[in-house]
Amino acid sequence: MTPKQLAFETAAKTTIQNLKKRNMEGYFFENSAACVAFVTDIIKEGSVISWGGSESIKECGLMDALQKGNYQLIDRFSAKTPEEGRQLYAKSVLADYYLMSTNAITFDGELINIDGSGNRVACLIHGPKNIIMIVGMNKLVADVNAGCLRVQNTASPANAKRLNRNTPCFHTGKCGGCLSDDCMCNQIVITRRSGIPGRIKIFFIAEELGY
């Protein structure tokens, strides 16, 4: 590994130890290919899988791998009407595996996620049997406050551009604390512990992934 990857590994190991105290599991991989191979190996054939909006799970190649496998995929983004979307979301809540990333994670093992509609954080909190998080090392922060600032001033402006949202961060590149109709920061969720041991699994990759 390169010196940068070695530093990533050290930081990930520190965080993984702290995740254990919070009933969450952590794993570290040198690259996306190794992570995808591991994740697809642990997910049993025939499993019901859904996911939240995440560039990380696309960029690492996990979505492509799952679409080639023998799984029952619930893609709420395929819905043609709002009602169909609601029905698909209802099925997602009962999935065997729910895939996502986290907007930020602290060295101490706390997860910071900020959502617009809240469907993603709702499934993180309760519902699917297993939560699989794909996390690039660019998401690691010192503390919860730093995590919130990262989401608001790094992730949200990029997502506003991706989704063409008319928010202050779209126009200025930084959070404006808006209450606009297009606001993507309606729900702020800090996950400090999993009530079910091992339900939340974080897969760190020594790369920059997502926003």
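In this predicted model, the mean positions of the 24 positive and 20 negative charges of the protein lie 4 Å apart. The secondary structure of the protein comprises eight helices and ten strands. Its radius of gyration is 17 Å, close to the 17 Å given by the globule rule for 211 residues, so the protein is as compact as a globular protein of that length.

**Overall dimensions and surface**
- The C-alpha trace spans about 40 × 40 × 30 Å along its principal axes.
- The protein exposes about 10300 Å², of which carbon and sulfur atoms supply 51%.

**Burial and contacts**
- Of the 211 residues in the protein, 49% are buried.
- Among contacts with a separation of 6 or more, 74% are accounted for by residues 24 or more positions apart.

- Glu 110 is located in the loop between β5 (104-106) and β6 (111-115).
- Leaving aside residues up to four places away in sequence, Glu 110 touches Arg 22, Ala 104, Ile 105, Val 144, Thr 191 and Arg 192.

Key. Residues numbered from 1 in each chain as written. Predicted model: local features only at pLDDT ≥ 70, side-chain atom pairs only at ≥ 80, totals over all residues. Heavy atoms only, no water. Helix = DSSP H or I, 4+ residues; strand = E, 2+ residues; numbered from the N terminus. Rg over C-alpha atoms; globule rule 2.2 N^0.38 Å. Buried < 20%, exposed > 50% of the residue type's maximum accessible area, 1.4 Å probe, protein only. Contact = heavy atoms within 4.5 Å. Areas by Shrake-Rupley, 256 points an atom, 1.4 Å probe, with all protein chains shown as cover. Lys, Arg positive; Asp, Glu negative; His and termini not counted. Charge placed at Lys NZ, Arg CZ, Asp CG, Glu CD.
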